[in-house]
Amino acid sequence: MTTANLLDFDLAGLAAFCERLGEKRFRAVQLFRWIHQKGAARFDDMTDLARSLREKLPAVCEIRPLKVMAQQESTDGTIKWLFDVGDGNAVEAVFIPEDDRGTLCVSSQAGCAVGCRFCSTGHQGFSRNLSTGEIVAQLWFAEHFLRKHLKTSERVISNVVMMGMGEPLQNYSALVPALKVMLDDHGYGLSRRRVTVSTSGVVPMMDRLAQDVPVALAVSLHAPNDTLRDNLVPLNRKYPLAELMAACVRYLPAAPRDFITFEYCMLDGVNDQPEHAQQLLALIRGQSAFYSGPSVPCKINLIPFNPFPDSGLRCSPRPVVLAFAEVLNAAGVVTTVRKTRGDDIDAACGQLAGDVLDRTNAAQRMAQRRTTETRPVQVVRRGA
Ligand code: SF4
């Protein structure tokens, strides 16, 4: 009999598992709280579980963490972990502390099949989907590691962004239970507003997410017309802008926020010209040759591109980025330029294209130097 990984279960799944063992639902709640709220990895530590159950569990299940291959901390408090997911694959999670929140960027796949031009994960190709347990294990490890090192029993991670390696909506069946664990009051108790799924535009799965577990949505846009987006985000050939923007409009009634976040990686001379800003405005207003329909309430996040070998792309100069933002802001579209975080450990604040590629580069470099790296991790208290 295969030993089940209890990190693979949302609460309903754990209740079903317990039932198969002849146990009542409240046992599942106890187990779930021990695992996710207290970070227990051993059944012996779960002192309010009946001894008979504690003795029964090790034969049929375990709490299976990911192996940490490397861990680095930036001077700004950003911490990244490289996790071994077997067969030579590694994924990365990044913790970004801010004064009012602690955000964890989580990976959903080893590699990615979408193949965005500006993303080194995409250049590496797709290896495999992560299981629910492997997605949850990133949060489980980070939360309880941070609590221990900050010497606090209070929650440290207040926000999760599914913006690490992989396209989460191409791993939908593993993603949904993982999101439910994050949201469950017996689990991490995060609000739907504080859990964000980022997609390059898997339209049918956006509709399903709205039905199944409508969390905040970020869309990797990166181009204001189909010709350019076909080139930068190949999934656009399957789900062009007209379908993507319409899917955003359909998502909003279920969304916990009244806007979609559009991510836009700034690429020198490619998508960063004034005419692109104007095309982008027309697109989100539904007055574009590529999408005509209701306007899409949104915020736009401009991401400075982090070059990587063979990309053939450069980051837009800072004045160009600011000028692009100014066009959008002047037209009333809230536009921010992403701050980079963790530069000294190559862990720019986590999301989407530019950041994903940055983290992926970091993962490659970390893997290369992990045998020589000896710097101890020091965790800086948030807001310090
Ligand atoms: S940007 Fe995201 S969707 Fe595109 S290749 Fe990279 S990981 Fe995949």
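1. In this note, Ala, Val, Leu, Ile, Met, Phe, Trp, Tyr, Cys and Pro are called nonpolar, Asp, Glu, Lys and Arg charged, and the others, Gly among them, polar. With that wording, the shell around the ligand consists of eight nonpolar, six polar and one charged residues. The model is a predicted one.

2. Which residues come nearest to the ligand? Of the 15 residues around it, these are Cys112, Val114, Cys116, Cys119 and Gly122. Two helices, H4 (120-124) and H12 (352-369), each supply at least two residues of the shell. Helix H12 gives the most, with three residues.

3. Some totals for the whole protein follow. The protein has twelve helices and 14 strands. Of its 384 residues, 50% are buried. Among contacts with a separation of 6 or more, 68% are between residues 24 or more positions apart.

4. The next points concern a sheet. Ten strands form an open sheet with mixed pairing, in the order E3-E4-E5-E6-E9-E10-E11-E12-E13-E14. Its edge strands are E3 (67-73) and E14 (335-337), each of which pairs on one side only. On average, neighbouring strands are turned by 20° against each other, direction ignored. As a general point, strands of a sheet pair through backbone hydrogen bonds, either parallel or antiparallel.

5. Strands E3 and E4 run antiparallel and are joined by six bridges. In this pair, valine 68 stands opposite phenylalanine 83 of E4. The two strands form a hairpin with five residues between them, and glycine 77 in the turn has a positive phi of about 95°.

6. Glutamine 72 belongs to strand E3. Is glutamine 72 buried or exposed? It counts as buried because 21 C-beta neighbours lie inside 10 Å, and the cut-off for buried is 20 or more. Glutamine 72 and leucine 82 are ten residues apart along the chain, and their C-alpha atoms are separated by 8.9 Å.

7. Strand E4 is also joined to E5, by seven bridges, and these two strands run antiparallel. Here lysine 80 has valine 94 in E5 as its bridge partner. E4 and E5 form a hairpin with two residues between them, where aspartate 87 in the turn has a positive phi of about 55°. Six of the eight residues of E4 are buried, so this strand is largely enclosed by the rest of the structure.

8. Elsewhere in the sheet the pairing is parallel: strands E9 (residues 159-162) and E10 (residues 195-199) run this way and are joined by three bridges. Valine 161 stands opposite threonine 196 in E10. Helix H5 (residues 132-150) packs on the sheet and touches strands E4 (79-86), E5 (89-98), E6 (101-105) and E9. The direction of H5 makes about 45° with that of E5.

9. How do two helices pack? In general, two packed helices are described by the angle between their axes and the distance between the axes. The axes of H7 (residues 203-212) and H9 (residues 241-251) come within 9 Å and cross at roughly 0°. The two helices are therefore roughly parallel to each other. Val203, Met206, Asp207 and Ala210 of H7 make the contact with Glu243, Leu244, Ala247, Arg250 and Tyr251 of H9. By class, this contact has six nonpolar, no polar and three charged residues.

10. Arginine 257 sits in the loop between H9 and strand E12 (260-266). It is partly exposed because 15 other C-beta atoms lie within 10 Å. Leaving aside residues up to four places away in sequence, arginine 257 touches Arg193 and Ala216. Arginine 257 and valine 215 are 42 residues apart in sequence, yet 8.4 Å apart in space, C-alpha to C-alpha.

11. Most residues other than glycine have a negative phi. Histidine 222, in the loop between strand E11 (216-220) and helix H8 (226-232), has a positive phi near 70°. Aspartate 310, in the loop between strand E13 (298-304) and helix H11 (318-330), has a positive phi of about 70° although it is not a glycine.

12. Aspartate 310 counts as exposed, with 8 C-beta neighbours inside 10 Å.

Key: Residues numbered from 1 in each chain as written. Predicted model: local features only at pLDDT ≥ 70, side-chain atom pairs only at ≥ 80, totals over all residues. Near = placed C-beta within 6 Å. Helix = DSSP H or I, 4+ residues; strand = E, 2+ residues; numbered from the N terminus. Axes fitted to C-alpha atoms, helices over the stretch in contact; angles between N-to-C directions. Parallel < 35°, antiparallel > 145°, perpendicular 65-115°, else oblique. Contact = placed C-beta atoms within 7 Å. Pairing = 2+ DSSP bridges. Buried ≥ 20, exposed ≤ 12 C-beta atoms within 10 Å, placed from the backbone.
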